[in-house]
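Here's a quick tour for anyone meeting this structure for the first time. Have a look at it, then read on.

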Amino acid sequence: MRLYLQAMTATAEAPRYVQIVLEQDLLGGWTLYRESGVQGGKATLKREQFLERDDALAAFEKARDAQIKRGFRVMFSQGQDGPYGS
């Protein structure tokens with residue numbers, strides 16, 4: 001799953017972004033990547049590993065909700081079904 005969120009600024013500065021990615025690794029575990037920064041500038045990448053899918057999904061949703069609460073808007077979503085399927 002992948003989410004790309006952006007926060008628009010009131011000035012002419014480049015917008016801030018957050019990208020959250022959840023991937024399954026080759027051994028059956030899950031990795032959550034959180035990348036953030038200014039569009040076209042430096043970025044920070046954090047990685048967190050989980051053994052269980054449910055734990056990884058809960059962390060993904062918590063990271064998403066925290067960014068939305070901070071004023072970021074979802075610009076792109078990939079690999080996520082809605083509550084009632086596709």
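Let's start with Phe50: leaving out residues up to four places away in sequence, Phe50 touches Gly29, Trp30, Leu32, Asp55, Ala56 and Ala59, where contact means heavy atoms within 4.5 Å. A word on the ground rules: this is a predicted model, so local features need pLDDT of at least 70 and side-chain atom pairs count only at pLDDT 80 or more, while totals for chains, interfaces and linings use all residues. Residues are numbered from 1 along each chain as its sequence is written, and side-chain values use heavy atoms, with hydrogens and water left out.

Phe50 is also one of the residues touching the most other members of the largest nonpolar core, which has 15 residues. Such a core is a set of buried Ala, Val, Leu, Ile, Met, Phe, Trp, Tyr and Cys residues joined through side-chain atoms within 4.5 Å; buried means under 20% relative accessible area and exposed over 50%, with partly exposed in between (1.4 Å probe, protein chains only). Helix 1 gives the most to this core, with 5 residues.

Now for the strands, which are DSSP runs of E with at least two residues, just as helices are H or I runs of at least four, numbered from the N terminus. Two strands pair if DSSP finds at least two bridges between them.

| Pair | Sense | Bridges |
|---|---|---|
| Strand 1 (residues 2-7) and strand 2 (residues 16-24) | antiparallel | 6 bridges |
| Strand 2 and strand 3 (residues 30-38) | antiparallel | 9 bridges |

Tyr4 stands opposite Gln19 in strand 2, and Gln24 has Trp30 in strand 3 as its bridge partner.
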